[in-house]
Structures are given as structure tokens and as C-alpha cells.
Amino acid sequence: MAMSTDEKLNIIIDAQNKAQKAFDDLNEQLNKAEKQYSSLGDRVEAVGKKMQSVGKGMSMAVTLPIIALGVAAANSLIRIEQLGAQTEAVLKSTGGAANVTKKQLDAMSQNLEKVTGAEAESVTQGQNMLLTFTNVKNGVKKGDKIFDQATKTMLDMGTAMNGGVVPAGEQLKGTAIQLGKALNDPIKGITALSKVGVSFTEDQKKQIKTMVDAGDTMGAQKIILAELNKEFGGSAEAFGATTAGKVAKLKNNFGNVTEELAANFLPT
């Protein structure tokens, strides 16, 4: 017997409701899990120390499988160490031109990881490239934190140009180079940015040239960052609020936990 139009409509509505409920349940579980892993991360150091003391009494038959399971975490620690060494090297070679410390850079990358889902190590890789452009620096006043603003803009710009997904590794590094060049030499920079779709009005171009000619590079940089923020601002955080972003955050949190455990356990 053929179904009536109303019966077909009811089936479609019921299917849509069930699909929506499933999606809502998934979001709820992701939110709970995200909080759980964040809380777990706060306790990892203490747990790691306990594992270290336990490990001293284990036989090789027990410790070798544990070490094998920790290879991925150990590789992550190696990458973190390499990136950290590069940060220290570029801070030294540029004479600290950006007016930021390694501690501040680490805190910035960790905070951005929490809200955007971008891996902190990828953010650090981008920051290391931004540091090479010595005109990109933080001033004393709150509104003059050009390097800090550039780091956030790097993520927003990269996300918007990557189809709404936060970029990682080499891709974010490429965005950092593109942005760093634009801010380091604002007059040439606006031309380069225009080629990738960033629009500047004639008034903005005149303002930038006037400021650079007067020695106010920071003023010109603010105009560029304001335009980039108008076009791309909030893109990275928007990804962090999506289901894919929440999954990325969970993955990052779990990675941080295993890295902490490996850091405490490896000496044993």
C-alpha cells in the first residue's frame, strides 16, 4: 500500500529529529570529554612522578612494552625540544627584537591551542618564522603588541585561506612568512597581500606610505593588521567551536597528557 504525503513527511521529520539528537549528543560528549582531558592534564605531572618511582622497580619485560607504547610521545617531545631550541636561537640572533621571551611565546601558543584547536607546536613553528622579521615587535603600550597580534592574525588568516580549518606545520609556516614580509615592509607588503585577495583602499595605501615615510612603521602595521582582522578575524576560534575543532582540541589534550607522562617516565 502506497504511503500518503503526510506519512512520508512524518518519516522525514522523524529522521531529521533523530539526526539532530545524535549530533547534539555527540557535541555534549565532546564537551564533557574536553573538560575531562583538560582536568586530567592538570594532574599529569603528579601522575608522571608516581610512574617514575614505580618504573624503578619494574623488570625489563614490563618496561620495554611501556617504552614501545611511548614512542609517539617521545617523538613529540623531540619535536618540542627542536622547536624550543630554534626559538631560543632566533631570539638570540635577532637580539630579542620582537620584545618577547620564550616563556611568553610558549604561553601564547598554549592559549591559542586551547581556543582554536591548532597544535601548539604548529603555532610555535609559525612564531619562529615571525621572529625573523625584526620590524614585527611588541611595543610598551597594550595597543602596540604587534607581534602578539600578528601571531593571532597568522592563525586567522591561515584558517580562512585553508577552507575554515586551522592549518598546521609547513602550511602555517608559509602564512607566517607571508604575513611577516607584509608587516616588515608595509609599503611592499600591501602589494603582496593584494595579490592573494586582501583589499586595501587608496586612502589606506596613502596612509601607510605617509606613516612609513615619517618613520611610524608601527602605525602602518596597525592599519594592515586592522584590515586583516576585518577580513579574517575570528576564523581560528570559529573552527575551534565546531565539532572538528573540538575533536582537534581533544586530540591535542591527549597528546599533551602523553607527552607529560613520557617526560616524567623517560628518565627511568
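Thr159 is buried, with a relative accessible area of 0%; buried means under 20% relative accessible area, exposed over 50%, and partly exposed in between, computed with a 1.4 Å probe on protein chains only. The model is predicted, so local features need pLDDT of at least 70 and side-chain atom pairs count only at pLDDT 80 or more, while totals for chains, interfaces and linings use all residues. Residues are numbered from 1 along each chain as its sequence is written, and side-chain values use heavy atoms, with hydrogens and water left out.

Thr159 belongs to helix 6. Helices (H or I, at least four residues) and strands (E, at least two) are DSSP runs, numbered from the N terminus. Leaving aside neighbours within four places in sequence, Thr159 is in contact (heavy atoms within 4.5 Å) with Gly164, Val165, Val166, Pro167, Ser235, Ala236 and Phe239.

The protein chain as a whole has twelve helices and zero strands. Of its 268 residues, 37% count as buried. Among contacts in the chain with a separation of 6 or more, 72% are between residues 24 or more positions apart.

The largest nonpolar core has 39 residues, and those with the most contacts inside it are Leu131, Phe147, Leu193, Ile224 and Leu228. Helix 3, helix 4 (102–116), helix 5 (120–130), helix 6 (146–160), helix 7 (169–184), helix 8 (186–194), helix 10 (217–232) and helix 11 (235–240) each supply at least two residues of this core. A nonpolar core is a set of buried Ala, Val, Leu, Ile, Met, Phe, Trp, Tyr and Cys residues joined through side-chain atoms within 4.5 Å. Ile224 touches Ala182, Leu183, Pro186, Ile190, Leu193, Phe200 and Ile208, when its neighbours within four places in sequence are left aside.

Ten of its eleven residues are buried, so helix 5 is largely enclosed by the rest of the structure. The buried residues are Ala120, Glu121, Ser122, Val123, Thr124, Gln125, Gly126, Gln127, Asn128 and Leu130. Leu83 and Gln125 are 42 residues apart along the chain, yet their C-alpha atoms are separated by 6.8 Å. Leu83 counts as buried because its relative accessibility is 13%.

Helix 5 also packs on helix 6. Two packed helices are described by the angle between their axes and the distance between the axes. For helix 5 and helix 6 the angle is about 130° and the axes are 10 Å apart. Axes are lines fitted to C-alpha atoms, for helices over the stretch in contact, and angles run from 0 to 180 degrees between N-to-C directions. The two helices, helix 5 and helix 6, are therefore oblique to each other; angles under 35 degrees count as roughly parallel, over 145 as roughly antiparallel, 65 to 115 as roughly perpendicular and the rest as oblique. Val123, Gly126, Gln127 and Leu130 of helix 5 meet Phe147, Ala150, Thr151, Met154 and Leu155 of helix 6. By class, this contact has six nonpolar, three polar and no charged residues. Here Ala, Val, Leu, Ile, Met, Phe, Trp, Tyr, Cys and Pro count as nonpolar, Asp, Glu, Lys and Arg as charged, and the others, Gly among them, as polar.

Helix 6 packs in turn against helix 7, at an angle of about 125° and with the axes 9 Å apart. Helix 6 and helix 7 are therefore oblique to each other. From helix 6 the contact draws on Ala150, Thr153, Met154, Leu155, Met157 and Gly158, and from helix 7 on Leu172, Thr175, Ala176, Gln178, Leu179 and Leu183. These residues divide into eight nonpolar, four polar and no charged.

Glu227 sits in helix 10 and counts as buried because its relative accessibility is 5%. Leaving aside neighbours within four places in sequence, Glu227 is in contact with Val198, Ser199, Phe200 and Gln204. From Glu227 to Gln204 the distance is 9.3 Å, C-alpha to C-alpha, at 23 residues apart in sequence. Asn99 lies in the loop between helix 3 and helix 4, and is partly exposed, with a relative accessible area of 47%. Phi of Asn99 is near 60°, a positive value in a residue other than glycine.
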